[in-house]
Amino acid sequence: MPSPTTVPSTFDTHLLALPLYEDHHRELAQRLVTWCAEQREVLAGAGRPETVGRRILRALGDGGWLAFLDGGPDDYRALCLAREALAYADDLADYAFSIQALSATPLRRFGTDEQRRRYLPGLAAGTLCGAFAVSEEAAGSDVASIGLAARETASGWLLNGAKAWIANAGIADVYTVIARTGPGPGAFGLSAFLVPSDTPGLRVEPVPMIAPRALGHLVFDDCALPPEALLGARGGGYPIAMEVLGRFRMTVGAAALGFARRAADAALARSRERPMQGGKLFDLPTVRAAFAEMEVKLDAAALLVARSAWEIDRGSPRYARHSSVAKLYATEAAQQIVDSAVQVFGAAGLVHDSLLERLYRQIRSLRIYEGSSEVQRAIIAAAIDPDRTPRGAS
Ligand SMILES: Cc1cc2nc3c(=O)[nH]c(=O)nc-3n(C[C@H](O)[C@H](O)[C@H](O)COP(=O)(O)OP(=O)(O)OC[C@H]3O[C@@H](n4cnc5c(N)ncnc54)[C@H](O)[C@@H]3O)c2cc1C
């Protein structure tokens, strides 16, 4: 087994040394941590989240971190390590990276040569910004009930309706949009479209969130698209959305791990410095127990994320179920870890715009987007084989 690498805190070096990872992953982890440290000023830059988001996207492109989007191999362990490192460093860095990767994935997997040529080089360079628009006000968890209408016309398609809660709305150059093209009920009759942001009839309504970021609703009002805007097969929109979301769930778990590690590290440093009852806060048994709980959760989350990423990289269909397990556990555990870290800080953890206060706001959405915790539980329960030999039976 390879020895632990010298990657500083962000990652658990002993976990990276497991055979679930290869040497190029360990080297990648090292480079990620170094890059994040070098880019500290860009990541911490002041300004509106929209401006900062585009600036970080450009830096990610210049750093080569998005290059894989244009012709690179699928490597979900690398994707998870990138999200973990970026989330540890900065919320908007993870946001910029993950939404770009999420929006490029349907193009990479289902785009024509022409569509890929048009968009992927810019997305990989960070000069073009992407977005993936599935949700609607009345169709969040229940993707099959999407109502945005795409009617076929003599010159292409006409879109009417709205999308809700779309990451990168307002700064994206191109939206991958799932709309209803057929009369088919539910999941049938949905198709995917590539919609440039300057298409007449498309309007963005920004929505301020508890953790500031470019996000908003999209309104389509007689938004006309050419025939070649269709992405993948007509009627293939539901499988495209489900496949992309299924693949990315484990990466949400990885981001949760990054936020949680940052909170736990900050709380540990604080507890070792803070004088308490003649010693340090960390000397108190109940505080030590809190850190033990955090450690167990971090270990379990990291192993679950690594398992599902390793499975998808080697082509095992079991990744789908385990991607949900990883997302559910890691995001729920991260919420608890950040909360425990705030508790360790006491009032200092509640100061507006302090690190802990920001992490407390930033971690919340991960239990909701790309399939809420309740939806993950439903997916996992459905995947449990009812014919499995009951435990204890011979
Ligand atoms: C920060 C952020 C970024 C986002 N980015 C995007 C994006 O880029 N693109 C995009 O398309 N969408 C995006 N979303 C939307 C996100 O995918 C939806 O919020 C999510 O799917 C949940 O939908 P909803 O908010 O409508 O909640 P609802 O679906 O209304 O759910 C409300 C509650 O009901 C529960 N519930 C729903 N169904 C079930 C069930 N079957 N069993 C048990 N409980 C259930 C949910 O778990 C939840 O607790 C984003 C959301 C956030 C917060």
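Asn168 is located in the loop that connects strand E3 (156–167) with strand E4 (174–180), where strands (E, at least two residues) and helices (H or I, at least four) are DSSP runs numbered from the N terminus. The model is a predicted one, in which local features need pLDDT of at least 70 and side-chain atom pairs count only at pLDDT 80 or more, whereas totals for chains, interfaces and linings use all residues. Residues are numbered from 1 along each chain as its sequence is written, and side-chain values use heavy atoms, with hydrogens and water left out. Phi of Asn168 is near 75°, a positive value in a residue other than glycine. Asn168 is buried, at a relative accessible area of 3%; buried stands for under 20% relative accessible area, exposed for over 50% and partly exposed for values in between (1.4 Å probe, protein chains only). A positive phi, of about 50°, is also found at Gln277, which is not a glycine. Gln277 belongs to the loop between strand E9 (275–276) and strand E10 (279–280) and is exposed, with a relative accessible area of 71%.

Two helix pairs were examined. Two packed helices are described by the angle between their axes and the distance between the axes. Axes are lines fitted to C-alpha atoms, for helices over the stretch in contact, and angles run from 0 to 180 degrees between N-to-C directions. Helix H9 (residues 285–313) packs with helix H10 (residues 319–345) at an angle of about 155°, the axes being 8 Å apart. H9 is therefore roughly antiparallel to H10 (under 35 degrees counts as roughly parallel, over 145 as roughly antiparallel, 65 to 115 as roughly perpendicular and the rest as oblique). The crossing of H9 and H10 is left-handed, that is, the near helix is turned anticlockwise from the far one by less than a right angle, clockwise being right-handed. The residues of this contact comprise 17 nonpolar, five polar and three charged; Ala, Val, Leu, Ile, Met, Phe, Trp, Tyr, Cys and Pro count as nonpolar, Asp, Glu, Lys and Arg as charged, and the others, Gly among them, as polar.

The axes of H6 and H8 cross at roughly 160° and come within 10 Å, so H6 and H8 are roughly antiparallel to each other. The crossing of H6 past H8 is right-handed. Residues making the contact (heavy atoms within 4.5 Å) include Asp91, Leu102 and Phe110 of H6 and Ile240, Arg247 and Phe259 of H8. The contact of H6 with H8 involves nine nonpolar, two polar and five charged residues.

Arg108, in helix H6 (residues 91–110), is buried at a relative accessible area of 17%. Its side chain makes a polar contact with the side chain of Asp74 (2.7 Å); such a contact is a pair of N or O atoms within 3.5 Å, where within protein one must be able to donate a hydrogen and the other to accept it, and residues adjacent in sequence count only if both atoms are side-chain atoms. The Arg108 side chain also reaches the backbone oxygen of Leu69 at 3.2 Å.

Arg261, in helix H8 (residues 237–273), is buried with a relative accessible area of 10%. The side chain of Arg261 reaches the backbone oxygen of Thr10 at 3.4 Å.

Ala309 of helix H9 is buried at 1% relative accessibility. Leaving aside neighbours within four places in sequence, Ala309 is in contact with Tyr76, Arg77, Cys80 and Met250.
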